[in-house]
Amino acid sequence: MAEQQEREVVKIDQLVHEVASVDGHLAKVGHHDPERSAVSITARGVAAMRHAESTRTDRPPIINDPFAGLFAGLDGLQWPESVPKERRDIFIDMMAVRTRFIDETLIEYVGDGLKQIVIPGAGLDARAFRLKEFSEATIFELDFEEVIKYKDELLNSAASPTHGKGGSKAILCKKRVALGVNLGDPSWPEQLKQSGFDPTVPTIWLLEGLTGYLTQEELYTFLKYIRSLSASGSRMVATFLGTNKVESLSMHKFFTNNAPDLLKELGGWEATQRQPFEVAPRYDRHGLPKIEGSYWYVTAHLP
């Protein structure tokens, strides 16, 4: 049974990719590596799972993302009915637990007084529109220009579930800056600063579902850039793929079971890491397979 669960879990990204690939709108992005030019379409599959959790009726949902259905699209919304219930519940729980854990961590950081949030590889993240605790925070969303455009077009053209027509104007944070950049281009830090980012104040960095798509060299360079932009007191919440993967997408490039040492070496961050099955019980989710070294939630601060 454990072996079967393990096979199911490691296929989660493949399933997400298949769901999202029905509509290739997000597939054509400006990445130098053609193999990874479709990474961004997985955002639609992730949105489909957030929507499934947000609208479930069999038990109380642990997240509420009223924009997830809009971002997933009609094809993505049909996904839950096409997957056997046991598999579906694992996939949805994994994404729901990740989202809830990150939400709570970010809210804690903002509550500590940090008001500048940067989300590299933001995809279809909706936190600027759904978390009222960010009312005094400025959020910088970084992703390929095509992804930013797609997201803003959806928000502007559709009636959002909570704000009605013109959703992109109805932000709950103080300010949202959506910046179309290629994180593989060394000019992105300067572009960020030119968009109003202040490197002299503590920053919250959210790296959700991003690090595994970078090669070791790319990730190390990226983390060094982040360090150069981070004032003392900055925080980070990130996800990392573990080395205990039976299989992975060809787009996955980086795996580690020791993110805290990596962050310490590359920037002096003090970090701790947790695994999804260790976090899930606090949200009354007890069905995640206990696979050591498969996936990590990492929180960090810069002394």
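**Rings, a strand and a helix**

Let me begin with a group of rings: Phe67, Phe71 and Phe129 are linked by ring pairs into a cluster. Please keep in mind throughout that what you see is a predicted model.

How many aromatic pairs does a search of the whole structure find? The search gives 9, and I will take two of them in turn. In one, Phe101 and Tyr297 are stacked, with their centres 5.0 Å from each other and an angle of 20° between the planes. Because Phe101 belongs to helix α5 while Tyr297 belongs to strand β7 (residues 295-301), this pair ties together parts of the chain that are 196 residues apart in sequence. Both partners, Phe101 and Tyr297, are buried.

The other pair, Trp188 with Tyr225, is edge-to-face, at 6.0 Å centre to centre and 80° between the planes. Here the link runs between two helices, since Trp188 lies in α8 (residues 188-194) and Tyr225 in α9 (residues 216-228), so that parts 37 residues apart in sequence are tied together. As for cover, Trp188 has a relative accessible area of 0% and is buried, whereas Tyr225, at 25%, is partly exposed.

Now back to helix α5, which spans residues 85-111 and also holds Arg98. Is Arg98 buried or exposed? Its relative accessibility is 10%, and because the cut-off for buried is under 20%, Arg98 counts as buried. If we set aside the neighbours within four places in sequence, Arg98 is in contact with Val46, Glu208, Gly209, Thr239, Tyr295 and Tyr297. Tyr297, you will recall, is the residue that stacks with Phe101.

Let me turn to strand β2, residues 138-143, which is mostly covered, with 6 of its 6 residues buried. In a regular strand, side chains alternate between the two faces of the sheet. In β2, Thr138, Phe140 and Leu142 point one way, while Ile139, Glu141 and Asp143 point the other way, and all of them are buried.

Which strands pair with β2? Strand β1 (residues 116-120) pairs with β2 in the parallel sense over 5 bridges, and strand β3 (residues 175-180) also runs parallel to β2, joined to it by 6 bridges.

For the chain as a whole, the secondary structure comes to 11 helices and 7 strands, and of the 303 residues 56% count as buried. Among contacts between residues at least 6 apart in sequence, 74% join residues at least 24 apart.

Finally, a word on confidence. The mean pLDDT of the chain is 85, and 81% of its residues reach 70 or more. Where pLDDT is low, predicted coordinates should not be read in detail.

Notes
Residues numbered from 1 in each chain as written. Heavy atoms only, no water. Helix = DSSP H or I, 4+ residues; strand = E, 2+ residues; numbered from the N terminus. Buried < 20%, exposed > 50% of the residue type's maximum accessible area, 1.4 Å probe, protein only. Contact = heavy atoms within 4.5 Å. Pairing = 2+ DSSP bridges. Phe/Tyr/Trp six-rings, centres within 6.5 Å; stacked < 30°, edge-to-face > 60°. pLDDT = per-residue confidence, 0-100.
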